[in-house]
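Hi there,

Here is the structure I promised to pass on.

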Amino acid sequence: MQKLIKTFISNCPEDTIQFAKDLSTTISYGSTIFMIGDLGSGKTTFTKGFAAGLGYSNEVQSPTYPILNEYSNSNNFIYHFDLYRLKSVSEFLEIGGIEYLSSQNGICIIEWPELIEGFDIDNKFKISFSVNDDISGRKIEVYK
Ligand SMILES: Nc1ncnc2c1ncn2[C@@H]1O[C@H](COP(=O)(O)OP(=O)(O)OP(=O)(O)O)[C@@H](O)[C@H]1O
Ligand SMILES: [Mg+2]
């Protein structure tokens, strides 16, 4: 059972990016973040801010089609997954999922992680995104 450690109300994409930048400096390499939330709730937007906060200069793009986008910054990496299109755990294993999850100089950020919910993962965070009635409002909750 994970514990709620932070709640943030975002009113626009820029708020989400700033929150992610601030949070990024508190999460160490070797961690994995499960990103839970509906289509368009802000998971990729958050990842853009998170990568910028850690000094990555690459433009973060949605990994929905490639499944995995890899960003590097000197000897460190962000592995940004979107498992939405995967149908089975074996597809995740085939792309080397376990190796990425155990990387000590990488942070795995995983959109649509439900497929691998049962995996035993060290240093795991969960961030949930919910869309408020207000079209640009988002509630972001961080669990550790
Ligand atoms: N407060 C907000 N925070 C983040 N994004 C917002 C906010 N308000 C509006 N948006 C808009 O919502 C959309 C979020 O898209 P994004 O690609 O980040 O979602 P996603 O959760 O990654 O979706 P998917 O599951 O399809 O990958 C963007 O178009 C963004 O501009
Ligand atoms: Mg996305």
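Let's start with Ala 20, which you'll find in helix α1. Bear in mind that this is a predicted model. Is Ala 20 buried or exposed? It counts as buried, because its relative accessibility is 0% and the cut-off for buried is under 20%. Leaving out residues up to four places away in sequence, Ala 20 touches Phe 46, Gly 49 and Phe 50. Take Gly 49: it is 29 residues from Ala 20 in sequence, yet the two C-alpha atoms are 5.1 Å apart in space.

Now zoom out to the two helices. Two packed helices are described by the angle between their axes and the distance between the axes. Here, α1 and α2 pack at an angle of about 45 degrees, and their axes are 7 Å apart. That angle is why α1 is called oblique to α2. The crossing of α1 past α2 is right-handed.

Which residues make the contact? On the α1 side they are Pro 13, Thr 16, Ile 17, Phe 19, Ala 20, Lys 21, Leu 23 and Ser 24. On the α2 side they are Thr 45, Phe 46, Gly 49, Phe 50, Ala 52 and Gly 53. Sorted by type, the residues of this contact come out as eight nonpolar, five polar and one charged.

Next, helix α2 itself, which covers residues 43–53. Its buried residues are Lys 43, Thr 44, Phe 46, Thr 47, Gly 49, Phe 50 and Ala 51. What covers them? The cover includes α1 (13–24), along with the strands β2 (32–37), β4 (76–82), β5 (106–111) and β6 (124–131). Just after α2, have a look at Gly 55, which takes a positive phi of about 90 degrees.

Last stop: the magnesium ion, ligand 2. Which protein atoms are its donors? They are OG1 of Thr 44 and OE of Glu 111, lying 2.1 Å from the ion. This pair links distant parts of the chain, since Thr 44 is in helix α2 and Glu 111 is in strand β5, 67 residues apart.

Cheers

Key:
Residues numbered from 1 in each chain as written. Chains lettered and ligands numbered in written order. Predicted model: local features only at pLDDT ≥ 70, side-chain atom pairs only at ≥ 80, totals over all residues. Heavy atoms only, no water. Buried < 20%, exposed > 50% of the residue type's maximum accessible area, 1.4 Å probe, protein only. Helix = DSSP H or I, 4+ residues; strand = E, 2+ residues; numbered from the N terminus. Contact = heavy atoms within 4.5 Å. Donors = N, O, S within 2.8 Å, 3.2 Å for Na, K, Ca; no water. Axes fitted to C-alpha atoms, helices over the stretch in contact; angles between N-to-C directions. Parallel < 35°, antiparallel > 145°, perpendicular 65-115°, else oblique. Left-handed = near helix turned anticlockwise from the far one by under 90°. Nonpolar A, V, L, I, M, F, W, Y, C, P; charged D, E, K, R; others polar.
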